[in-house]
Amino acid sequence: MPIPKAELHLHIEGTLEPELAFALAERNGIALPFADPDALREAYAFADLQSFLDLYYELMAVLRTPRDFADLADAYLRRAQADGVRHAEIFFDPQAHTARGVPFDVVVEGLHGALSTSRDRYGISSALIMCFLRDQPVDSALETLASAERHLDKIIAVGLDSAEVGNPAARFAAVFERARELGLRCVAHAGEEGPAEYVWEVLDVLRVERVDHGIRSMEDPELVERLRAERIPLTVCPFSNVRLRAVDHLGFHPLKRMLEAGLVATVNSDDPAYFGGYVQENYDGVAAALELTDDQICTLARNSFEASFLDEATRSAYLAELDAYIRGTD
Ligand code: HPA
Ligand SMILES: [Zn+2]
């Protein structure tokens, strides 16, 4: 049985497997510019974040109805269960859907429909994190936040994703301030392709509680010290970093150094349909490539619950389950 864990950096649109993309395209009468799922898979050779994002946004065309979004979430939950995921905090990109005429409510109703029963069906608790696209105008983010006000019972946090370099997070300060006023938690992607300064910016200006990726923080000792001292979690995605060429090779990934520096690092899958593996494959991949110790693997799983937005009682229950698992495998 895989180690119990939480997954905290997972874009639901990034779980769209080629076979499901073709099935949804057929259901919705949409033609995809690929002959079949294998031909689509062959397009998954990315030069950088942008080349991935281009395909990621293009394929979203097949997602149109609440049922499509529910089927997508359901397929993820099934895989997550097999990977020992006990809790998932799941990103979605509403602007990528509203921009092509799919209403915000359709996206949220569909995703929430699947997630609201995930505990009963899969033994996985879950929450939604709504991301703003940092390469889109601030007004669009504010409009999106206004649409979310009807759904505050279904959304736990806001995030910031899409093309990082050249799109400063500071532009979104007022959006994040408003989100906080609405009771939403705040996270942001930073330090994936962009330098350590981008991580300072999301901490100081957006005042996020957790940093998504953050691997380039390791280039700035003062930042590492702050992340360590304040126990600010980092949701690291090793396969993603290699596939998007932020890191040359899994064996060069900074994750082990992050753990050795005392950072609250976690392992996640980001966009697993595109990057060659779900969360357990990311755990196994880094464990082998970086020769992680058993203690370090347990720390990653423990960090995933510590870094989550779970209430204290549920967090303690999962941590107890993790401790029992560790005792059982000693
Ligand atoms: O890894 C990512 N980075 C930025 N934006 C994204 N949107 C989906 N995945 C990503
Ligand atoms: Zn991401």
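Predicted model: local features only at pLDDT ≥ 70, side-chain atom pairs only at ≥ 80, totals over all residues.
Local features need pLDDT of at least 70, side-chain atom pairs count only at pLDDT 80 or more, and totals for chains, interfaces and linings use all residues. Residues are numbered from 1 along each chain as its sequence is written, and chains are lettered from A and ligands numbered from 1 in the order in which they are written.

An unreviewed UniProt entry lists residues 4-324 as "domain: Adenosine deaminase". UniProt positions follow the numbering used here, feature names are shortened, and annotations may be inferred rather than shown by experiment. The span is 49% helix and 13% strand. Helices (H or I, at least four residues) and strands (E, at least two) are DSSP runs, numbered from the N terminus. The end C-alpha atoms of the span lie 10 Å apart.

Helix 3 covers residues 49-59, and its buried residues are Leu49, Phe52, Tyr56 and Leu59. A residue is buried if 20 or more other C-beta atoms lie within 10 Å of its own, exposed if 12 or fewer, and partly exposed in between; C-beta atoms are placed from the backbone. These four residues lie on the same side of helix 3 because they cover an arc of only 100° around the axis. The arc is that of the directions from the helix axis to the C-beta atoms. The buried residues pack against helix 1 (18-27) and helix 14 (272-275). On the other side, Asp54 and Glu58 are exposed.

Asparagine 282 lies in helix 15 (residues 279-289). Asparagine 282 is buried, because 27 other C-beta atoms lie within 10 Å. Not counting residues up to four places away in sequence, Asparagine 282 touches Pro238, Phe239, Val267, Asn268, Ser269 and Gly277. Contact requires C-beta atoms, placed from the backbone, within 7 Å. Asparagine 282 and proline 238 are 44 residues apart in sequence. In space, their C-alpha atoms are 6.4 Å apart.

Note on methods
Contact = placed C-beta atoms within 7 Å.
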